[in-house]
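Hi,

Here is the structure I promised to pass on.

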Amino acid sequence: MELSKKVVIIMGASSGIGEATTRLLAEKQVKLVIAARRKEKLELIKKELFNSSIDYLTADVSKFEEVQEVIDFTLNKYGRIDVMFNNAGIMPTAPLSEGRREEWQQMLDINVMGVLNGIAAVLPIMIKQKSGHVISTDSVAGHVVYPNSAVYCGTKFAVKAIMEGLRQEQRVNNIKSTLITPGMVETELYTTINNKETSEQLKNNQKEFGLKAKDIAEAVLFVINTPNSVSINEMIVRPTSQER
Ligand SMILES: NC(=O)c1ccc[n+]([C@@H]2O[C@H](COP(=O)([O-])OP(=O)(O)OC[C@H]3O[C@@H](n4cnc5c(N)ncnc54)[C@H](OP(=O)(O)O)[C@@H]3O)[C@@H](O)[C@H]2O)c1
């Protein structure tokens with residue numbers, strides 16, 4: 001299918017990688033439905049991309065009904081969903097010894113249940129269509145464990161396992177599954193770290209060593225724009241200088 005005919009949903013589109021992907025796909029005339037919690041950010045993106053087919057809905061990915069509403073809206077408007085990009089995530093890292101159970105719960109709810117909610121809502125439609133593409137953002141932290149990041153890494157290892165399971169189960173229905181795995185990228189992710197010092201340090205590191213969000217958007221564009229018979233299942237994109 002021609003790229004400009006594709007209907008793509010992006011969860012976590014209000015900043016960073018999701019926003020950059022929205023902007024890049026809009027340039028290619030893709031039909032977009034974007035979602036996140038911050039309405040004002042989504043509104044601004046839509047305003048700036050006034051020449052594109054783009055709708056936005058506010059949705060919290062940890063709430064299944066809100067994810068379902070995004071799916072229902074898209075299906076009502078276009079009668080089809082080609083790509084579901086589960087990109088929303090937070091990273092309030094801290095050592096396990098600090099016992100930040102509330103943050104752990106939030107990470108599990110957003111990073112893991114958010115992806116599962118996206119899959120649960122879109123899969124019945126893609127199975128009926130006998131086509132579709134689910135893309136989820138994990139992280140290099142879903143492949144190696146970093147100090148003071150046990151829970152974040154745990155959520156991203158989970159996303160990796162879930163996406164491989166999805167691939168194995170749904171290849172028979174012609175549904176593609178792709179794990180996009182960024183290394184360090186300059187985004188707003190540092191703002192989700194509640195320890196001021198750690199947050200500042202990540203912000204500086206992102207600025208000095210990180211990729212631009214557009215670099216990851218290019219990877220997403222590449223995997224979406226493959227022939228029907230080709231499924232790229234994992235793509236790791238690091239800054240050249242990143243060690244692990
Ligand atoms: N930046 C990096 O170095 C890096 C590296 C590897 C992986 N990643 C992953 O990349 C993904 C995107 O993050 P980013 O780096 O682009 O950071 P970001 O700029 O903070 O973007 C995160 C996006 O997720 C959305 N979000 C967070 N919680 C949400 C929720 N409960 N419901 C709906 N949307 C939610 C945010 O929007 P609202 O706040 O408006 O809801 C925002 O649009 C995440 O999964 C992250 O783990 C990032």
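Below is what I found, going from the whole chain down to single residues.

Two things before you start. This is a predicted model, so local features need pLDDT of at least 70 and side-chain atom pairs count only at pLDDT 80 or more, while totals for chains, interfaces and linings use all residues. Residues are numbered from 1 along each chain as its sequence is written.

**Overall fold**

The chain has seven helices and nine strands; these are DSSP runs numbered from the N terminus, with helices being H or I of at least four residues and strands E of at least two. For 244 residues, a compact globule would have a radius of gyration near 18 Å, and the chain agrees with its 17 Å. That radius is taken over C-alpha atoms, and the globule rule is 2.2 Å times the number of residues to the power 0.38.

**The inside**

Of the 244 residues, 41% are buried. Buried means 20 or more other C-beta atoms within 10 Å of the residue's own, exposed means 12 or fewer, and partly exposed is in between, with C-beta atoms placed from the backbone. The largest nonpolar core has 63 residues, and Val 8, Ile 9 and Leu 32 are among those with the most contacts inside it. Such a core is a set of buried Ala, Val, Leu, Ile, Met, Phe, Trp, Tyr and Cys residues joined through C-beta atoms within 7 Å.

Strand 2 (residues 31-36) is largely enclosed by the rest of the structure, because six of its six residues are buried. Lys 31, Val 33 and Ala 35 point one way from it, and Leu 32, Ile 34 and Ala 36 the other way. Strand 1 (residues 7-11) runs parallel to strand 2, joined by five bridges; for strands to pair, DSSP must find at least two bridges between them.

**Around the ligand**

The ligand is surrounded by 31 residues, and the closest include Gly 12, Gly 16 and Arg 37. A residue counts as near if its C-beta atom, placed from the backbone, lies within 6 Å. Helix 1 (residues 16-27) gives the largest share of this shell, three residues.

Most residues other than glycine have a negative phi. Asn 148, however, has a positive phi of about 65°, and Asn 174 has one near 65°. Asn 148 sits in the loop between strand 5 (132-137) and helix 5 (150-170), while Asn 174 is in the loop between helix 5 and strand 6 (175-182).

Cheers
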